[in-house]
Amino acid sequence: MIFLPRLQKRFFHTLPKFPTSCLQAYVRCRIRTTHTLSNNGFIDFFDSLLHHCVSSTNGSCNHERPVKQIHAQIILTSSLYSSAFLSARLISSYSKLSLLNDARNVFDNSPEDCFFSSLFWNSMLRAYVSDFRYENAIQLYCQMREYGVQQDGFGFPLIIKACAMRGDVRLCRSVHCHVIQMGFRNNLHVNNELVGMYGEIGLNEVALQVFGRMPLRSCVSWNVMISGFTKNHDCEGAFAIFSRMENEGWEPNSVTWTSLISSFARCDFRDKTWELYVSMREKGVCATAESIAVVISVCDQTPIRGSIVHAHVISAGFEKYVFIRNALISMYGKNGDVEKAEYLFSGIESKSIVSWNALISAYAQSRLCDEALSAFLRLNSTARPNVVSWTAVINAFATSDKHKPTTLELFRNMQFARVSANAVTVATVLSVCAELSALPLGREIHAHTIRKLIDSDILVKNGLINMYMKCSSLRKGYSVFEGTICKDVISWNIMITGYGIHGLGKDALGIFHRMVSEGIKPDEVTFVAVLSACSHSGLVAQGDELFEQMNRVFRIEPKIEHYACMVDLFGRAGLLDEAGRVLKSMPMEPNVHVWGAFLNTCKMHENTDSAEEICSRIFDLESEGTMGSYMLLSNLYAANKRWDQSADVRLSAKKRGLKKIAGQSWI
C-alpha cells in the first residue's frame, strides 16, 4: 500500500478541507446513511458527490475546489483509493472542468489494479478526445495494448474518432483490424464510427463496404453515411444513400435532411438545395437552425427565396439565434439590400466580432467603401478587429475602381496593427497589385508570404502568378507556376490568360495542351482564355479547332462569351464571312459584346456599311455598355472623312446620357 501522506503530496500541496459550503446541504442529507454503507455504498456516495459538483448549475460556485476536496477524501479513505470506478469518475470530472493535467495526474498515480480496467482507460481516452488531443489518445491506446487490456465497445468508438481526426489512413485500417480481431465487427456503435472514420478521411467506397456489411443499422448509421459524402463534396452519393434510406422504409429525420441539404450547398447546386429544403418542409420535417443557416447561404443571388427563408426564421423562432442573424446579414449584403442588413445588425443585443464582420462584408458586397470603413472604425473602438475584419474592409476597397490605392494603404495599416494576413487577404491585395501594375509592391508581398509560411497556399500561388503575368514579369510568373505542386484549373487559366494578353498565343496553346495531357479538365473560363489568346495572335486554324472540340471532346456547351471570341478571331484575321457565319449559327441572340466584337472588326477593315447595320442592332439593345460602340462608329466615320456623320453619332450618344470613361495612366 502507498503511504497516504506521500500520496496526498502527489496531488495537492496542501490537503483541502471538506466540505465546501456549496455541498454542505447535499452532504448532510446523504451522510446520515453512510454509517451503514459497505465499500460499494461509499463508492456510490462519492460518485453522487462528484456528479453533483460537475452538473451543478450554480454559477457562483467554483467547481474545481469541491472536486479536489472530494478527491482528497477518496485518498484518505484508503479502501476506496484502489477503486478503478472512482478513479475513472475523477478523471471524467476533471476533464469536464477542462482540468486535463489533473485528470492525467489521477491516471498516472492510480494503483496498479486500476490499469487492468477498460473503464479506467476509456475515461482517459474520452478526456483526450473531448479536448481534441487526438495524438495523446492514440498514444494512450498503444499503451493500453501494451498492458494487454482488451478494448470494449465503449472505447473503440473513441479511438476510431481519434484516428479519423488524425487522418492517417494506415492507422485507421490498423484500428479497423483490431475491431475485427476483438469481435466487435457487428457492434452497432463501433460500425457507425468506422463508417464516419472512412468518410472523414475521404474513403467513401470503404465506408460503403462497412455500411453494407452492417447486420443492424440505426438512423444514425444512415446519417453518418450521408455526412461522409457531404464532407467529400459528393452530393450525388449523398442523395443516392438518402433515396436508398427511404426505399428501405426508414424515415429521414431533421439531421438527415440537414446533411443532405448541406451536401448540395457545398457543391454550389443552389436550385437543388432549395428544392430539398422545400421538400423537407412539405413532408412536415421541422427544419433545424443549422439547416436554415445552410439554405440562407445559397439565397445570396435570389432575393425572393431569401425573403421566404427569413419568414420561416421568424415563424420558427430562430430570429434570436445570433448565427442565424449573421447569416441573414451576409445574405442581404450579397443581395444588395443593405438596409435590411443594417436593421438585423441593430437588433443584435450582444454584437460579437462575427456580427461586425458580417456587416462590413455586407457593405463590401455593395461596394459601399465609406460605410464599410465606418463600420470597421466603430468595431475598432469597441474591440480589436481580427483578420476577417481587415480582409472584409480591404475587399471593399479592392472591388472599387476608384479606391484601389486605399486597399494597399489598409494592408499597410493591418501590418502595423500586428494582425497576420491570411491567404484570402494576400490574394485580394495581390489582385490590386496586378490591376495597378504595382510590381515592386507585389514582390514585397511575395517576400511577406514566404516569411509568414503561407506562400504554398493555392490562393496565394494563383494570386502571385496573376500578379507577375499582368505586370509583364512572365518568367517570374512561370517560375511560381512551376513551383506550384498542386495546380488547380485556376492556375492553368491564369497562365493561359497571361500569355494571351501579351500576344504569346503559341505559349498559351502550349500551356493548354500540357494542361489536358496532365489530366486537368478545362472549364468554360479556360476556353475563353485560350480562344482569346488565339485571336490576339492570329492563330485562326488552332482557335477554330479548339472551338469545335469544346462540345465534341470536352463536353462543354459554348456560351455567348465563346461565340464573341470566335467572332473576334475571324474578324481580326479579315475573315468577315466566317465571322458572319458564327453570328448566324449562334443558338442564342447575340448580345452587345458579340456585336461589339464584329463592330471592332468592321473598324479595323474600314467596312462602314456593315458597321452602320451592326450599330443599329447594338443601339436597339439599349445596353449600358454601348458607349464604346458609339465611339467606334464615330471614329470609323472620321477615318473615312465623313465628319458630319461622326459628329451626329457623338451628339446622339450625348442625348442618351452616355459618357466616355476617362482614360488613366500610372506612368
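This is a predicted model: local features need pLDDT of at least 70, side-chain atom pairs count only at pLDDT 80 or more; totals for chains, interfaces and linings use all residues.
Helix H34 is mostly covered, since 11 of its 13 residues are buried.

The buried residues of H34 are Ile560, His562, Tyr563, Ala564, Cys565, Met566, Val567, Asp568, Leu569, Phe570 and Gly571. The helix runs over residues 560–572, and at 1.5 Å a residue its 13 residues should span 18 Å, which agrees with the 18 Å that separates its end C-alpha atoms. Just after H34 comes Gly574, which takes a positive phi of about 80°.

The chain as a whole has 39 helices and 0 strands. Of its 667 residues, 48% are buried. When contacts between residues at least 6 apart in sequence are taken together, 61% of them join residues at least 24 apart.

Over residues 1–9 the pLDDT stays under 50, and the model has 12 contacts for them beyond four places in sequence. Residues 11–37 also have a pLDDT below 50, and this stretch has 47 contacts in the model beyond near neighbours in sequence.

One pair of helices can be described in some detail. Two packed helices are described by the angle between their axes and the distance between the axes. For helix H21 (residues 338–346) and helix H22 (residues 353–365), the axes come within 10 Å and cross at roughly 170°. Because angles over 145 degrees count as roughly antiparallel, H21 is roughly antiparallel to H22. On the H21 side the contact involves Val338, Ala341, Glu342 and Phe345, which meet Ser355, Trp356, Leu359, Ala362 and Tyr363 in H22. The residues of this contact divide into 7 nonpolar, 1 polar and 1 charged.

Asn204 is found in helix H13 (residues 204–212), and Asn204 is buried, with a relative accessible area of 9%. Not counting residues up to four places away in sequence, Asn204 touches Tyr198, Gly199, Met225, Gly228, Phe229 and Asn232. Thr230 has its place in helix H14 (residues 219–231). With a relative accessible area of 5%, Thr230 is buried, and, leaving aside its neighbours within four places in sequence, Thr230 is in contact with Ala238, Ser259, Ser262, Ser263 and Arg266.

Two loop residues have a positive phi without being glycine. Ser98, with a phi near 60°, is found in the loop between helix H6 (84–96) and helix H7 (100–108). His233, with a phi of about 55°, lies in the loop between H14 and helix H15 (235–247).

| Residue | Relative accessible area | Class |
|---|---|---|
| Thr230 | 5% | buried |
| Asn204 | 9% | buried |
| His233 | 47% | partly exposed |
| Ser98 | 63% | exposed |

Terms used. Residues are numbered from 1 along each chain as its sequence is written. Side-chain values use heavy atoms; hydrogens and water are left out. Helices (H or I, at least four residues) and strands (E, at least two) are DSSP runs, numbered from the N terminus. The expected span of a helix is 1.5 Å times one less than its number of residues. Buried means under 20% relative accessible area, exposed over 50%, partly exposed in between (1.4 Å probe, protein chains only). Axes are lines fitted to C-alpha atoms, for helices over the stretch in contact, and angles run from 0 to 180 degrees between N-to-C directions. Angles under 35 degrees count as roughly parallel, over 145 as roughly antiparallel, 65 to 115 as roughly perpendicular and the rest as oblique. Contact means heavy atoms within 4.5 Å. Ala, Val, Leu, Ile, Met, Phe, Trp, Tyr, Cys and Pro count as nonpolar, Asp, Glu, Lys and Arg as charged, and the others, Gly among them, as polar. pLDDT is the predictor's confidence in each residue, from 0 to 100.
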